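Good morning, colleagues. Please have the sequence and the coordinates open as I speak.

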Amino acid sequence: MRVYEYALKTGITRTKEFQRKRLATHAVNVGTKCGHGCTYCSTGAMLRMHSSFRSLGLNPFGNGYAIVDPTTPERVARDARRIQERGTVQLCTTVDAWAPEAQKHGLGRRCMEAILSEPMWNVRILTKNAAVVHDYGLIERHRDRVLVGLSITATPDKSDVLTAVEPNASPIAQRVAVLGEAHARGLRTYAMLCPILPGIADAPEQVDSLVKLAVACGAEEIFTEPINARGPGLKATQDALDSSGFRTEAAAIAQIRRKRNWSSYVVSLVENIQRSVRARTDITKLRILLYPSGLASEDEARIHQDDAGVIWLGKDTARAPPDNAQS
Ligand code: SF4
């Protein structure tokens with residue numbers, strides 16, 4: 001893994017998109033390329049015009065490298081003091097503050113310290129790295145103000161498959177164990193079951209196992225999101241699975257690259273997770289992040305008939321009743 005350092009300008013920024021997703025009002029990001037190297041990562045597409053890639057002569061869609069800014073905590077401390085309208089900061093939204101290149105500089109911990117040293121700020125952690133456990137002591141001192149989340153993308157028996165698509169993230173069993181430890185230590189937790197890949201994690205019994213894990217870890221909320229059909233992530237994921245010998249899983253990804261099949265996959269995912277959450281816990285905890293633009297009209301209508309837990313996103317948001325995610 002080649003690691004580049006690049007000085008960013010932002011510290012804490014407002015995020016309307018994550019506010020709509022009910023995740024956070026603000027974001028902190030510690031770089032522009034995450035070293036976990038997930039094949040489906042959409043950050044390259046989102047940040048493809050960012051000056052860091054041009055300046056360093058790097059392909060935003062490439063892999064095998066990370067871009068990190070070790071000075072991020074200084075700007076975060078400045079903004080945490082300066083911003084009057086405070087809320088919940090997601091650490092991070094486009095990279096991972098506990099990825100190896102960020103860990104080297106203690107960026108997750110130092111950003112958290114900077115935010116929590118000022119009143120009226122909360123932090124939502126989202127990571128795929130079990131190293132966050134080393135910061136639980138700090139979180140314990142602010143336990144009401146921090147939500148701990150590790151992305152749980154499949155059940156632990158799928159660890160070998162996940163290694164092909166999340167090559168540098170912590171093994172899934174470690175992520176589950178560390179989320180469980182957060183709960184055991186009395187920390188606030190939430191579940192991020194995202195993305196739920198077809199052929200790896202979307203069968204009804206697999207979805208139910210994931211919800212069961214989330215409930216066992218004391219999740220206050222359960223977020224999920226279908227894999228994004230746009231951008232090069234799906235093709236890269238299919239290729240990575242294929243070249244690692246996971247032909248069945250690669251074929252399942254190939255299937256949903258067709259628009260009609262993607263739409264059916266989303267309908268099944270919504271119905272399976274609703275069923276499981278209703279059976280195991282409280283449906284008001286469910287948050288299904290859903291951009292409807294790729295849905296077939298009959299599938300969109302079907303989901304609208306029972307959209308408990310669905311947060312409708314994108315330009316079609318106005319078509320959904322304003323508070324139906326809680327209904
Ligand atoms: S951990 Fe998140 S930000 Fe990092 S590569 Fe994976 S999907 Fe992208």
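This is a predicted model: local features need pLDDT of at least 70, side-chain atom pairs count only at pLDDT 80 or more; totals for chains, interfaces and linings use all residues.

I begin with a convention: a crossing is called left-handed if the near helix is turned anticlockwise from the far one by less than a right angle, and right-handed if clockwise. Residues are numbered from 1 along each chain as its sequence is written.

Let me turn to the chain as a whole. The protein chain contains 14 helices and twelve strands; these are DSSP runs, numbered from the N terminus, with helices (H or I) of at least four residues and strands (E) of at least two. Its radius of gyration is 19 Å, close to the 20 Å that the globule rule gives for 327 residues, so the chain is as compact as a globular protein of that length. That radius is taken over C-alpha atoms, and the rule is 2.2 Å times the number of residues to the power 0.38. Along the principal axes, the C-alpha trace of the protein chain spans about 50 × 40 × 40 Å.

Of the 327 residues in the protein chain, 47% are buried. Here a residue is buried if 20 or more other C-beta atoms lie within 10 Å of its own, exposed if 12 or fewer, and partly exposed in between, with the C-beta atoms placed from the backbone. Among the contacts with a separation of 6 or more, 74% are accounted for by residues 24 or more positions apart.

I now come to helix packing. Axes are lines fitted to C-alpha atoms, for helices over the stretch in contact, and angles run from 0 to 180 degrees between N-to-C directions. Helix H4 (residues 72–82) packs with H6 at an angle of about 15°, their axes 8 Å apart. That makes H4 roughly parallel to H6, given that angles under 35 degrees count as roughly parallel, over 145 as roughly antiparallel, 65 to 115 as roughly perpendicular and the rest as oblique. H4 passes H6 in a right-handed crossing. From H4, the contact draws on Thr72, Pro73, Val76, Ala77 and Ala80, and from H6 on Leu107, Arg110, Cys111, Ala114 and Ile115. By class, these residues are eight nonpolar, one polar and one charged. In this scheme Ala, Val, Leu, Ile, Met, Phe, Trp, Tyr, Cys and Pro count as nonpolar, Asp, Glu, Lys and Arg as charged, and the others, Gly among them, as polar.

How do the axes of H11 and H12 cross? Helix H11 (residues 233–243) and helix H12 (residues 247–256) have axes that come within 8 Å and cross at roughly 165°. H11 is therefore roughly antiparallel to H12, and passes H12 in a left-handed crossing. Leu234, Thr237, Gln238, Leu241 and Asp242 of H11 meet Arg247, Glu249, Ala250, Ile253 and Ala254 of H12. This contact has five nonpolar, two polar and three charged residues. Ala254 is partly exposed, with 18 other C-beta atoms within 10 Å, and the C-alpha atoms of Ala254 and Thr237 are separated by 9.3 Å.

Which peptide bonds are cis? One runs from Leu91 to Cys92, with omega near 5°; Cys92 sits in the loop between strand S6 (88–91) and helix H5 (100–103). Another joins Cys194 to Pro195, with omega near -5°, and Pro195 belongs to strand S9 (residues 188–196).

Arg22 has phi near 60° and occupies the loop between helix H1 (16–20) and strand S3 (26–28); with 14 C-beta neighbours inside 10 Å, Arg22 is partly exposed. Met120 has phi near 70° in the loop between helix H6 (107–116) and strand S7 (122–127), and is exposed, with 11 other C-beta atoms within 10 Å.

Arg2 is exposed, with 11 other C-beta atoms within 10 Å. Leaving aside residues up to four places away in sequence, Arg2 touches Gly64 and Tyr65. Between Arg2 and Tyr65, 63 residues apart along the chain, the C-alpha separation is 4.5 Å.

How values were computed
Two residues are in contact if their C-beta atoms, placed from the backbone, lie within 7 Å.
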